[in-house]
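Good morning. Please have the sequence and the model open while I talk.

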Amino acid sequence: MPGLPRFAIGTIQDGADSSAILAALLETLRREGLQTQCFASQSSLPGPWLARAVTGLPARYLDSWLMEREVCRDLFFRAAGTADLAAVAGRFDSLKAAPDAGASLDALSNWLGLPRLAIVNDSLVERHGLPQRPRAEAILLDHTSRQRDLPAVITDLEALWGLPVVGALDHADGVRRQLAAVVPGTDAPPALWERLAAEFREHWRSRRFARVVEGTDSFAAPCDHAIHDLPSCRPTVALAYDEAFFEYFPSTVDHLEMLGAQVVDFSPLRDEGLPPGTEIVYLGCGRPEAFARELSENHCMKSALRSHVARGGRVYGEVGGAAYLCQMLENPSGEMHRMCGILPAIARFCSADGESDRVKLTVRHENWLAQAGAVLRGYRSRRWCFEPFNCHFDSGRKCCCQPDLIGCNRVVGSLLYLQFSVLPELLQRFFQLPARSTPILDPWQIAS
């Protein structure tokens, strides 16, 4: 494990999209018999979601802003230990005039001893000129033009920068359009990966790549350490998983199970009730806006969730999962659909770009997941926003609502992606019996 071949791969130009060449590289490695565990360099979902479609392994998440160095190394080696290769994907920040203090692919490269593969987008070079020489061990060329003499371009670049070019992917417009049309959470046709790999292999230099990656310095893997003492409470956690809800941090699920929770999946789209013995319902993000009508019409599931809360059960909804718990959901076309009616808010879909912002949020009023005054660090999704419903954000009176967090009794809805595996004070709350609280009113009796 200490000598695990590993590398960082990232863009160095503003506006560059690395999804196609990353998928092409992973598929090429798979065809060469190498299983690659892919990591995102920022703990913000959905991350490099195509990695699972190509490799069969879900992407994992590291973050130099959220994690201490040893925690990061521990998560890395735990997840990568069964693979042949490990790739950490993102955007290099070494060329910034003022490097971001947040998640940094460069910092992770230093922490984990990763050789760097810098992606150079050739179409951006034609428009904006060649960027500064990156701090890297090798280059991947993306969006190369068939009109240019590629061997000459590679020779010139290698001579100028003194770095080997290990692969290239041309415009491949048809394949890229197909790739852009693949919806997160769905399977792409195998022919798409075949076409990507075929385009990439024309310029793939496997031996050069192997020399870069296999030269990775060995260092001692971190010692195993228990993040928490095993708790006495072993809850049953019902995890929503279907076409509408599928975005979770794998390490969070791993730690829940490692600490004794029984994690059972269910479908808010198709099931009529929660799994037997459910104590906590965990609703992740995904694409509830695309299934708003189906979710609204599954009255049995909505009733089961309201009954679960009325009996004292706990619920955590994150981003899209929080939208499902609201009174109403507004989809991208402006249509309103009635949701579970548990949280006093209307969820409005705001953006489809998947971007998120690094935030620190102070919890104002205690809920089952966090104490008042606790500081939550995570990434705020731009997809959704809460509009208060018979509740007032930022009001002086006691209120369960904050613009990005609603904590009503035993129900919490958050617009922050929270990686519980690196938030031990929150993870422990899953294993603590909550204090008694007054039962909630029937949410359907709230006047509109």
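Helix α10 contributes the most to the lining of the second largest pocket, with 4 residues. A pocket, found on a 1 Å grid over the protein atoms alone, is an open set of points with protein on both sides within 12 Å along at least five of seven lines, and lining residues have an atom within 4 Å of a point. A cavity, on that grid, is a set of points where a 1.4 Å probe fits but cannot get out.

This is a predicted model, in which local features need pLDDT of at least 70 and side-chain atom pairs count only at pLDDT 80 or more, while totals for chains, interfaces and linings use all residues. Residues are numbered from 1 along each chain as its sequence is written, and side-chain values use heavy atoms, with hydrogens and water left out.

Back to the pocket. The second largest pocket has a volume of about 700 Å³. Its lining has 29 residues, and the closest to its centre are Arg52, Pro58, Tyr241, Phe246 and Tyr248. Which elements give two or more residues to this lining? They are α2 (50-55), β3 (60-61), β9 (245-247), α10 (250-258) and β10 (262-266). By type, the lining of the second largest pocket has 18 nonpolar residues, 2 polar and 9 charged. Here Ala, Val, Leu, Ile, Met, Phe, Trp, Tyr, Cys and Pro count as nonpolar, Asp, Glu, Lys and Arg as charged, and the others, Gly among them, as polar. As for volumes, grid points are joined across faces, edges and corners, and a volume is the space filled by probe spheres set on the points.

Is Glu257 buried, exposed or partly exposed? Glu257 counts as partly exposed because its relative accessibility is 43%; buried means under 20% relative accessible area, exposed over 50%, and partly exposed in between, with a 1.4 Å probe and protein chains only. Glu257 is 21 residues from Thr236 in sequence, and their C-alpha atoms are 9.8 Å apart in space.

Now the sheets. Two strands pair if DSSP finds at least two bridges between them.

Take β2, residues 36-40, which runs parallel to β4, residues 85-91, and is joined to β4 by 5 bridges. Phe39 has Val88 as its bridge partner in β4, and Ala40 stands opposite Ala89 in β4. Towards β3, the pairing is also parallel, with 2 bridges, and there Ala40 stands opposite Tyr61. How many of the residues of β2 are buried? The count is 5 of 5. Thr36, Cys38 and Ala40 point one way from the strand, while Gln37 and Phe39 point the other way.

Axes are lines fitted to C-alpha atoms, for helices over the stretch in contact, and angles run from 0 to 180 degrees between N-to-C directions.

β14 (residues 326-330) pairs with β15 in the antiparallel sense over 3 bridges, and Leu329 has His337 as its bridge partner in β15.

Last, the whole protein. It has 14 helices and 23 strands, and 57% of its 448 residues are buried.
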